[in-house]
Amino acid sequence: MPVPRVYHTTAIVLSRFELGEADRVLTLLTPHDGKFKAIAKGVRRPKSRIGGAVEPFAELHLVMARGRTFDVITSAAVGEAWLHLRDRLESTATAWYLAELAERAVEERAAAYPVYVLLRRAYQLLDDGMAPDRVARWYEFGLADALGMRPEVERCVECDRVLEPSEGYRWVPALGGVLCDDHLTPPAEQAPLSLAALKLLRAYRRMDIEAIAGLRLPRGVELETEDALRRFMRHMLEREPRSLVFLDEVRSTARVS
Ligand SMILES: [Zn+2]
């Protein structure tokens with residue numbers, strides 16, 4: 001059967017860049033066709049029919065035509081517009097960060113349904129007003145899981161022993177999680193991990209985000225967990241996400257004012 005020239009898809013915009021006078025190239029994440037680039041022609045002209053619809057942080061319903069280099073968006077409608085997500089700069093910056101992680105984690109045109117579902121729910125949670133850093137941690141854990149790289153936080157990655165509260169641990173992303181104190185220092189990036197941070201990592205592994213959102217946690221433990229999962233993402237994706245610079249700037253400004 002020949003591949004149809006026109007098709008429909010649901011999509012979330014992960015990133016975009018401008019092309020020529022009036023066009024825009026968008027990287028889309030879709031439930032069934034994975035990630036790919038598409039062109040929105042004339043989208044920057046004031047009278048564009050699709051201009052207002054093809055924005056990030058929304059679930060779009062698109063009609064696409066197959067093209068030689070990029071598929072072309074011929075019609076667009078907004079399904080879910082997570083408008084409240086834009087109310088706080090930290091939520092918006094977090095939404096960009098989550099999109100960048102998805103973009104780096106998914107191969108072009110590879111099946112990525114779990115990542116789509118994860119990103120969609122994360123945007124919904126940000127829109128509902130949930131703390132952006134908790135949504136980000138939950139999403140990082142979920143993304144690692146979706147890629148089959150879930151961090152080990154129950155047992156030692158080296159000797160498979162269940163970790164006891166009384167011992168010391170190290171967080172070693174290259175080994176896949178927590179290392180107990182019985183081993184020599186490995187020649188890989190690592191950080192000491194407190195029992196409180198280990199417990200929080202376990203909570204992210206075991207509990208649903210709605211339950212985690214209700215936890216009262218010392219700021220230091222949250223920051224330690226953030227550092228651990230960011231290290232894990234950096235290792236998994238083999239680079240530092242660019243959007244973190246903006247996110248951290250927004251957060252430091254928010255905490256000073
Ligand atoms: Zn061990």
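The four donor atoms around the zinc ion subtend angles of 102 to 115°, so the arrangement is tetrahedral. For four donors to count as tetrahedral, all angles have to lie between 85 and 135 degrees. Keep in mind that this is a predicted model.

Which atoms are the donors? The zinc ion is coordinated by SG of Cys156, Cys159 and Cys180, and by NE2 of His183. The distances run from 2.0 to 2.3 Å. Along the chain, the donors follow the spacing C-x2-C-x20-C-x2-H.

Now take two of these cysteines, Cys159 and Cys180. Cys159 sits in the loop between helix H3, residues 132-146, and strand S6, residues 169-172, while Cys180 belongs to strand S7, residues 177-180; the pair therefore ties together parts that are 21 residues apart in sequence. Are they buried or exposed? Cys159 has a relative accessible area of 35%, which means partly exposed. For Cys180 the value is 0%, so that residue is buried.

Next, the helices. H2, residues 113-127, packs with H3 at an angle of about 175°, and their axes are 10 Å apart. That angle makes H2 roughly antiparallel to H3, because anything over 145 degrees counts as such.

What meets what in this contact? From H2 we have Pro114, Val115, Leu118, Leu119, Arg121, Ala122, Leu125 and Leu126. On the H3 side are Pro132, Val135, Trp138, Tyr139, Gly142, Leu143 and Ala146. By class, the contact holds 13 nonpolar residues, one polar and one charged.

To recap: a tetrahedral zinc site, and H2 roughly antiparallel to H3.

Notes
Residues are numbered from 1 along each chain as its sequence is written. This is a predicted model: local features need pLDDT of at least 70, side-chain atom pairs count only at pLDDT 80 or more; totals for chains, interfaces and linings use all residues. Side-chain values use heavy atoms; hydrogens and water are left out. Donors are N, O and S atoms within 2.8 Å of the metal (3.2 Å for Na, K and Ca); water is not among the atoms, so sites may look incomplete. Four donors count as tetrahedral if all angles lie between 85 and 135 degrees; four count as square planar and six as octahedral if opposite donors are over 155 degrees apart and all others between 65 and 115; anything else is irregular. Helices (H or I, at least four residues) and strands (E, at least two) are DSSP runs, numbered from the N terminus. Buried means under 20% relative accessible area, exposed over 50%, partly exposed in between (1.4 Å probe, protein chains only). Axes are lines fitted to C-alpha atoms, for helices over the stretch in contact, and angles run from 0 to 180 degrees between N-to-C directions. Angles under 35 degrees count as roughly parallel, over 145 as roughly antiparallel, 65 to 115 as roughly perpendicular and the rest as oblique. Contact means heavy atoms within 4.5 Å. Ala, Val, Leu, Ile, Met, Phe, Trp, Tyr, Cys and Pro count as nonpolar, Asp, Glu, Lys and Arg as charged, and the others, Gly among them, as polar.
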